[in-house]
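I opened a new notebook page for this structure.

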Amino acid sequence: MSFIVKNTTYPSPFDLLFPHSCRGCGHLGEALCECCKNNIVKSYQNICPNCKNPKKSSCCKKCKNLPPIYTAGNRNSLLGEIIHDYKYHSIRSLSRPLAEILDHILPRDLPKNSILVPLPTANHHIRSRGFDHTYKIAKDLAKIRKFKIEPVLLRAKNTVQVGASKEARLTQAKEAYVLNPKIKLRHEATYILFDDVWTTGASIKAAKKLLKNGGAKNIRIVLLAYSS
């Protein structure tokens, strides 16, 4: 079976003057070339990020408390290196190829009017990186799939999870988000929670619980990568 992910990323004038090299093969001109992007897609395995077991469908039989989850790959791979460069080296042109990879792993029968809900990024991360890395990918994915983006979740506390223990992450996640009081959740709508990396799953689980308590019936989760 052939996997072809169409490249619709257009270079900026800055990229033309100072071109990136591909994170996979070093080819000059793109931060992620077409060949390496398709290699990531071809290496896709349907793994549950929570228990790390292979699953035959979007739902894990072992983790029955979780909604369908779609994850592009393992963090300890080229994909993880790309995510790291995108977030911490501010290579913004990687946003579109990452969104195209997500487009490939998501089922084709999701409603076009599904509502994409990116987990809100902490304000200090946005300031330090110069952009909201999660929202930028979500915006590109929404354009590809004709999804809507709604600020269903708001940041309640700007917690620092990098380097925190699992117990600390769980505690912080419960207090990190609140539902946006200006938005009423619709029972018939499909809500797709999006985050970049599943480490302990604390943030996604807390966000899922908020949506469910708020009245959302159809929840999906999409992730770029999971930690081993």
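Disulfides come first in my notes. I looked for pairs of cysteine sulfur atoms within 2.5 Å, which is what a disulfide means here, and the count came to zero. A disulfide is a covalent bond between the sulfur atoms of two cysteines.

The model is predicted: local features need pLDDT of at least 70, side-chain atom pairs count only at pLDDT 80 or more, and totals for chains, interfaces and linings use all residues. Residues are numbered from 1 along each chain as its sequence is written, and side-chain values use heavy atoms, with hydrogens and water left out.

Next I looked up burial. Buried means under 20% relative accessible area, exposed over 50%, and partly exposed in between (1.4 Å probe, protein chains only). Cys36 is buried at 8%, and Cys63 is buried at 6%.

Then I turned to helix H3, residues 78-88. Helices (H or I, at least four residues) and strands (E, at least two) are DSSP runs, numbered from the N terminus. Buried residues in H3 include Leu79, Ile82, Ile83 and Tyr86. After H3 I found Ser90, with a positive phi near 55°.

My last entry is Glu150, in the loop between strands E3 (148-149) and E4 (153-155). Glu150 counts as buried because its relative accessibility is 17%. Leaving aside neighbours within four places in sequence, I listed its contacts (heavy atoms within 4.5 Å): Ile115, Leu116, Val117, Ile183 and Arg186.
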